[in-house]
Amino acid sequence: MNVIKRTVILVCAVLLFASAGFANTSIIPKPVEVKAGRGFFELNAQTTVICGSDHLSVLKTAKFLQSILQPATGLSLAINPPAGKSGAGAITLKLIAQDDTLNAEGYQLTVTKKAVTIASPTAAGLFYGVQSLRQLLPAEIYGHKKAAIEWKISCVEIKDYPRFKWRGMHLDVGRYFMSKEFVKKFIDLIAQHKFNRFHMHLTDDQGWRIEIKKYPKLTEIGAWRKETVIGHVRKKPMKFDGEKHGGFYSQDDVRELVAYAAERHITIVPEIEMPGHSQAAIAAYPQLGNIDKKLDVRTYWGVCNNICNADDSTISFFQDVLTEVMALFPSEFIHIGGDEAPKAQWEKSPKAQRRIKELGLKNEHELQSWFIKQMDNFLTSKGRRLIGWDEILEGGLAPGAAVMSWRGEKGGIAAANAGHDAVMAPNSHTYLDYYQSKSKGEPLAIGGFLPLQKVYSYDPVPKALNKDKVHHILGAQAQIWTEYIETPDHAEYMAFPRTCAMAEVVWSKKESKDYNEFITRLNVHLKRLDLQNVNYRKLD
Ligand code: TNX
């Protein structure tokens, strides 16, 4: 068949499909199964939400649905109205038994002319069904103001469930503090994309961002730096802006964010860096360091030699910090960083060398590994699990530890082969601080090149991994490091639309991924982001 004939047939097929009243859906991440029906359900003042009343979590999802439909439609849908007043035009949320065809976070969404039904074994699944339902409505549903349009939902049958359990987005609030309001907006956006982990990088050389009651100087001193380097650190001599930068989340702020995320079925995974990336902590409490010189909160970027010592008092210090962290964050996994801790100061420190001998260790890598093991034992004894960047493999992995593989896939593969869980976060495919295009107009970035299509192409299961170890790959995560990202607008620019691609990496079936088709849906989806004032990067 020649190209012209093929094109004509395709166009006819599309027209036929459209004229028969079947709708195209543009849901991101792409659902497992979508069967388009005929006709539509209309949302109007008579529409009600039915959810039973036995389960608080289901009622909460119903209220969430009501709240997201209200601004644009102007309707406040009645939830569980008195008998007799319901029935026609209802959206029903219901819990069902889990079966083999639907994993715990899966859902079924059925839209007929008369009713909408979302069914799932869990409240999380119902929530994802609600997010899909929202995407079936006209994009205007995402607007903050009332829009005078007909709220039609095309009839459809969707069966959907995620590919991975860990669907993560990370945000570095250490380099630049990000306001609670922006963090909430970010949580909202990632929830719309069905992510379920939000990794908050809370501490770094340039700032400590979480109030710790036992050690108030961490935020009194550690949350503020006197100035920040201007431009790329590679450009020498470095210039500074002379302006104070900083901020932190009080424990009340943290509780508010954790609850906000939980309502959206997102677990916040807190990260407290140790023993490296800790200069802000050392500036606040100099006894944590290795050298006599007084240190400031760091004012420029890059791997830093000033790491913490491995004294018992330092171990206790971080365990105290983790105690407060665990009281605030219910997450099973607590991230202890562990990356980029150069060993130069330990090599020179008589105390560190004595420690290595005392403990019968071979070298400084084993000392770091010993340090991390103290945290692993501690977290495990409290019923939590440790996760750290792949450097925690060096010098031996702590027994319960999970690995976040950032320097490519090697760390994840090694961890899985050793029977540990891993989250894939390779800088090659998931570092959203890298340039997204080679065009001259891009804002200054740390470096690298990670276009949308490359993010989309990522498969979190490494090809080199044996089948019997695949279950150790919990999922994957995209990172937003903020050395060169000072404002929410800029963070959104780097995050979107690459986060939309990442959503399909961790949710959608590998076999169903098709970049061109994704772009077609993305073009619809971007309107949703527009209406939420997301400063995404426009497609080329
Ligand atoms: C490496 S990824 C780091 C971060 C930087 C990032 C910049 C990791 C565990 N460490 O401290 O912000 O590169 O891309």
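Select Tyr 431 to start. In this predicted model, Tyr 431 is buried, because its relative accessible area is 4% and the cut-off for buried is under 20%. The residue sits in the loop between helix 13 (427-430) and helix 14 (452-456).

Find Trp 481 in the loop between strand 21 (473-478) and helix 15 (488-495).

Show both rings. The ring centres of Tyr 431 and Trp 481 are 6.3 Å apart, and the planes meet at 50°, so the pair is tilted.

Widen the view to aromatic pairs. How many does the structure hold? The count is 21 aromatic pairs.

Go next to Phe 186 and Phe 198. Their ring centres lie 5.6 Å apart with planes at 50°, so this pair is tilted. Phe 186 belongs to helix 4 (residues 180-192) and Phe 198 to strand 9 (residues 197-201), so the pair ties together parts 12 residues apart in sequence. Colour by accessibility. Phe 186 is buried at 1%. Phe 198 is buried at 0%.

Then select Tyr 215, Tyr 285, Phe 317, Phe 318 and Phe 371 together. These residues form one aromatic cluster.

Finish with charges over rings. Which ring lies under Lys 244? Select Trp 224: Lys 244 lies over its face, 5.0 Å from the ring centre. Last stop, Tyr 260. The charged end of Arg 264 sits over the Tyr 260 ring, 3.6 Å from its centre.

Terms used. Residues are numbered from 1 along each chain as its sequence is written. This is a predicted model: local features need pLDDT of at least 70, side-chain atom pairs count only at pLDDT 80 or more; totals for chains, interfaces and linings use all residues. Side-chain values use heavy atoms; hydrogens and water are left out. Rings of Phe, Tyr and Trp (its six-membered ring) pair if their centres lie within 6.5 Å; planes under 30 degrees apart count as stacked, over 60 as edge-to-face and the rest as tilted. Helices (H or I, at least four residues) and strands (E, at least two) are DSSP runs, numbered from the N terminus. Buried means under 20% relative accessible area, exposed over 50%, partly exposed in between (1.4 Å probe, protein chains only). A charge sits over a ring if NZ of Lys or CZ of Arg is within 6 Å of the ring centre and within 35 degrees of the ring normal.
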